[in-house]
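Here are my notes on the model you sent over. Have the structure open while you go through the points.

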Amino acid sequence: ASSEDLTQVLIPVAALVGIGFALLQWLLFSRVKLIEADEEEEGIDNIEVSIKCAEIQHAISLGATFFLFTEYKYLGIFMGVFGVIIFLFLGSVKGFSTKSEPCIYNQENTCKPALANAVFSTIAFLLGALTSVLSGFLGMKIATYANARTTLEARKGVGKAFIIAFRSGAVMGFLLAANGLLVLYVSIYLFKLYYGDDWEGLYESITSYGLGGSSIALFGRVGGGIYTKAADKYPEDDPRNPAVIADNVGDNVGHIAGMGSDLFGSYAESSCAALFVASISSFGINHDFTAMSYPLIISSMGIVLCLITTLFATDMFEIKNVREIEPSLKRQLLISTILMTAGIAMVSFFAWPSEFTLFDFGAMKEVKNYCSPVQDVADSCRIGAATNVIFGLALGYKYVIIPIFAISISIYVSFSLAAMYGIAVAAIGMLTTISTGLAIDAYGPISDNAGGIAEMAGMSHKIRERTDALDAAGNTTAAIGKGFAIGSAALVSLALFGAYVSRAGIKSVDVLTPKVFIGLIVGAMLPYWFSAMTMKSVGSAALKMVEEVCRQFNSIPGLMEGTAKPEYANCVKISTDASLREMIPPGALVMLTPLIVGTFLGVETLAGVLAGSLVSGVQVAISASNTGGAWDNAKKYIEAGGSEHAKSLGPKGSDCHKAAVIGDTIGDPLKDTSGPSLNILIKLMAVESLVFAPFFAAHGGLLFKFI
């Protein structure tokens, strides 16, 4: 019992420490005043620049808040409707009876009625969705608060600016990890008051927490991704461009609010998958609370160890010049991973009973600043846009190979050590350093915005160089972050798939039966259908934006000369409306597929669909992110002109540069919209199938009943 008491204290304490640390970081970077004179430059200009920065920041913040509130209105309706669907589907499993029934896995014990599951699943779904909304919203607020402060600190040197950008990223990382853990822990604690000893029912209803988190993430990612790309087709960071505020809003909405909800979803789902699998294994049957809470203990440990890691970046090493930025970010990943590996081994030793297996997880591959493949892609621009596109595609396909082998090995090892539970825990292993991972991820868009603000406020070239250096390091680490999201999504959905198969009562998934095979082939097609929808919607949203910008240049006198101000708000509104309208079809595709397949074609076909979408989705997601990233970096490589080789390809405006810009424009929707949303597609369909599994098992497969 003592270990149980300890567990009950440790988890909430770690979560509160995380929240406290986030607030401390926030206090530290909010000390930078927006309007203050700087000693280096003359007084008058300086105050003007500060006022300009403050104005721009205010406009970006307003735009982002407007977008999110509009999006949450839509999502509020969605949450209500989907909550009712969950209740009706799960309640009807036993015809809304309130009688207790024998448990599914242990027939001799009695479990709470299916109706209770319906009620608690709905509550968990709403809790997950609200936590996800909160994560995205807080992240966005912090980022828009920090971007101008980063710009102003860049006047004092690159190290100062780095610390502001990194601290604000850390606020988001820790708030998200701690909030997710706290809400999940408190929900389990409260649900237990009703469920008592029925752990099977308890953890089954908790699974909906992951569903809520991920469904919000899907809309956030798709909506934000469409938004950020709709505004991205003009000279960037030119104050005369009416779409420029919308573009900077897009960075926050897509990369920060979307990323926050996405990683929160992965985190919630991997925890739910591990808890569910554990609840039907010996932990759940013997009611071993500490072993059962293993996923939550690891996450608590992660918060504490990432906290130590963060101090390395903000307080122990000072960054003196531009070259030290990227190593410092990479060091964060390395330190947190090493600490965490030791931490996991320790927790496993104490939390798990002695006759239980342990696991290992794979290492990260280091990414160099501009690796030779990017130079190849930049080189291919000499011949023209077509070769650039071909090289970029080939690079994206090639970069699928190593991650897939890495994922395969970790799946085989985890599975042979601890079956499906092993895979769920491997996913949690990847996500334990989520606080550090998110801090690095949020750092990117914040530096990007800071650079944009410097340009629009007309600050000196020297300052712009510093913000560019911060931004370039952020791009490389963002690629690592995307890899995290995709890799963990693959493991999470495999674990959820295993949980679904056992919950739906399928003995084995046999590819040779036509029911399963048609599911496989349709499932493999879904990522392509989904990508087609998201990419097309980026195009149509961008078109509306182009029309609006042309209208303003034609109708506002003095706009081109820079004497009149453009109507930024109109562009923000157009981007908002277009992206929210366009996110509905891809979202509906993902949310409705499991429901339709499960109800009409049954549990086996749905198992096929899940397997197919997992296998094809991972490949499409990795190649899309890498192709887009390579084109983007090839363009940046030519623009930066950092080496003799790069200078021979440039300058801006050369044919070679134009070819690179075309590649970058094609790659944008790949790396910022389709790629990142696909990992949500894979997870979301799996977790949704798991939540609705009782209904499908009882009433699914209507079509085959009549044939």
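This is a predicted model: local features need pLDDT of at least 70, side-chain atom pairs count only at pLDDT 80 or more; totals for chains, interfaces and linings use all residues.

1. Contacts along the chain. Take the contacts in the protein between residues at least 6 apart in sequence: 84% of them join residues at least 24 apart. Contact here means heavy atoms within 4.5 Å.

2. Ground rules. Residues are numbered from 1 along each chain as its sequence is written, and side-chain values use heavy atoms, with hydrogens and water left out.

3. Overall shape. The protein has a radius of gyration of 25 Å, which agrees with the value near 27 Å that a compact globule of 707 residues would have. That radius is taken over C-alpha atoms, and the globule rule is 2.2 Å times the number of residues to the power 0.38. Along the principal axes, the C-alpha atoms fill a box of roughly 80 × 60 × 45 Å. As for secondary structure, you get 22 helices and two strands; these are DSSP runs numbered from the N terminus, with helices being H or I of at least four residues and strands E of at least two.

4. Of the 707 residues, 61% are buried, where buried means under 20% relative accessible area, exposed over 50% and partly exposed in between (1.4 Å probe, protein chains only). The protein exposes about 26700 Å², with carbon and sulfur atoms supplying 68% of that area; the areas come from the Shrake-Rupley method with a 1.4 Å probe, and for residues only the protein chains shown count as cover. There are 47 positive and 59 negative charges, and their mean positions are 2 Å apart. Lys and Arg count as positive and Asp and Glu as negative, while His and the chain ends are not counted. Each charge is placed at NZ of Lys, CZ of Arg, CG of Asp or CD of Glu.

5. The cores. Which residues touch the most other members of the largest nonpolar core? In that set of 199 residues, they are Phe-82, Phe-162, Ile-325 and Tyr-500. Helix α4 (residues 158–195) gives this core its largest share, 21 residues. A second, separate core has 18 residues, including Ala-378, Ala-630, Ala-646 and Ala-660. A nonpolar core is a set of buried Ala, Val, Leu, Ile, Met, Phe, Trp, Tyr and Cys residues joined through side-chain atoms within 4.5 Å. Beyond four places in sequence, Tyr-500 touches residues including Ile-506, Val-603, Leu-610 and Ala-693.

6. Thr-150 counts as buried because its relative accessibility is 0%; Arg-149 is buried with a relative accessible area of 7%. Leaving aside residues within four places in sequence, Thr-150 is in contact with Ala-161, Ile-164, Ala-165, Ile-446, Ala-450 and Leu-470.

7. Val-377. Is Val-377 buried or exposed? At 1% relative accessibility, Val-377 counts as buried. Its place is in helix α11 (residues 372–380). Phe-391 is 14 residues away along the chain, with the two C-alpha atoms separated by 5.8 Å. Phe-391 is also one of the contacts of Val-377 outside four places in sequence, and Asn-388, Ala-630 and Trp-631 are among the others.

8. Glu-55, in helix α2 (residues 43–91), counts as partly exposed because its relative accessibility is 44%. Lys-705 lies in helix α22 (residues 702–706) and is exposed, with a relative accessible area of 53%. Apart from neighbours within four places in sequence, Lys-705 is in contact with Ala-698, His-699 and Gly-700. The C-alpha atoms of Lys-705 and Lys-544 are separated by 48 Å.
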